[in-house]
Amino acid sequence: MNTDQLKAEIKRLKQEKNVLILAHYYARPEVQDIADYIGDSLGLSRQAAHTDADIILFCGVHFMAETASIISPNKKILSPTAYAGCSLAEGMTADDIRVWKKDHPQGIVVSYVNTTAEVKSETDYCCTSSNALKVVQSLPKDKPILFGPDRNLGAYISRVTGRDMDIWQGACFVHDRIDEQSILQAVKDYPEADILIHPESLGAHSEEVLSSGRCFMYSTAGILDHARKSSKKQFVIATEPDTLHILRRECPDKTFIALQPESICHYMKQGGLWEVKEALEKEQYEVKVPESLRARAYIPIERMLNIG
């Protein structure tokens, strides 16, 4: 099958089986193009929670499909590949949290949504990069906090809020390459541009970056919103480079430059059009979180969604 035939077959299967296709901004561009909704972790979670579809095909990484299963237990959740991992999600375990809780019985655990279902089941509050600040600000100031697993997002939130938190030392291998030096070089090289930075980035909590006046910290959805609304015509994007696909599509009169075009999340690229077609056709690679685990993991996700 050629690309047009694959897209036509995917459309037919989607209609026949009442499927909602969700794709993360880091998915392959051709997969973004056939998705019903493209978003970051929070946006995708909300779509999974409110859909009337019978099947959700999640074009992202495994923890995202798990989150959809936790939120929508009566839906069939499919992934286009058998397993797409995540260096960040795999950097923290439920046992790690239990050890911390033993030493901090009054403590509060805030876990980034980029975690396994097991980690979520031991978590008090989930968050995404778009609402982590709100989540931490909502917590009692006299309680110790463990923030994990992303050390860069945790350091950024700690600096902005002034909260002294225990921060787990995990990282996204893509964003951990986006350091202070590369961001400040972009400020110098592109004097007319806004520099839009994902807070998972290594340089996100640098004082010089934060005080530059032209660097802005956003979730991926926030990056898109800034670019849509801004009167600026040039933007340097400090996150996974396939985010530029939707930016260029929605803002064709503006110029977008990937800070590190070579820093690609190969996990997100495992599912292409052929894999999407096969998953729909065979209803394969179902992701199902067991109910005993799902019930516990749902609590921190619900708190995250309620905070917004």
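**Helix packing and aromatic pairs in the predicted model**

In helix H5 (residues 94–103), Ala 94, Ile 97 and Trp 100 are buried (under 20% relative accessible area, with exposed meaning over 50% and partly exposed in between; 1.4 Å probe, protein chains only). These residues lie on the same side of H5 because they cover an arc of only 120° around the axis, the arc being that of the directions from the helix axis to the C-beta atoms. The face turned away from the buried side carries the exposed residues Val 99, Lys 102 and Asp 103. The buried residues of H5 pack against strand E5 (108–112), helix H6 (117–121), strand E7 (145–148) and strand E8 (166–167). Helices (H or I, at least four residues) and strands (E, at least two) are DSSP runs, numbered from the N terminus.

The model is predicted: local features need pLDDT of at least 70, side-chain atom pairs count only at pLDDT 80 or more, and totals for chains, interfaces and linings use all residues. Residues are numbered from 1 along each chain as its sequence is written, and side-chain values use heavy atoms, with hydrogens and water left out.

The structure holds 3 aromatic pairs (ring centres of Phe, Tyr and Trp, the last by its six-membered ring, within 6.5 Å; planes under 30 degrees apart are stacked, over 60 edge-to-face and the rest tilted). One of them, Phe 173 with Tyr 267, is edge-to-face, at 5.9 Å centre to centre and 85° between the planes. Phe 173 lies in the loop between E8 and helix H9 (180–189) and Tyr 267 in the loop between strand E12 (255–258) and helix H13 (273–282), so the pair ties together parts that are 94 residues apart in sequence.

Note on methods. Contact means heavy atoms within 4.5 Å.
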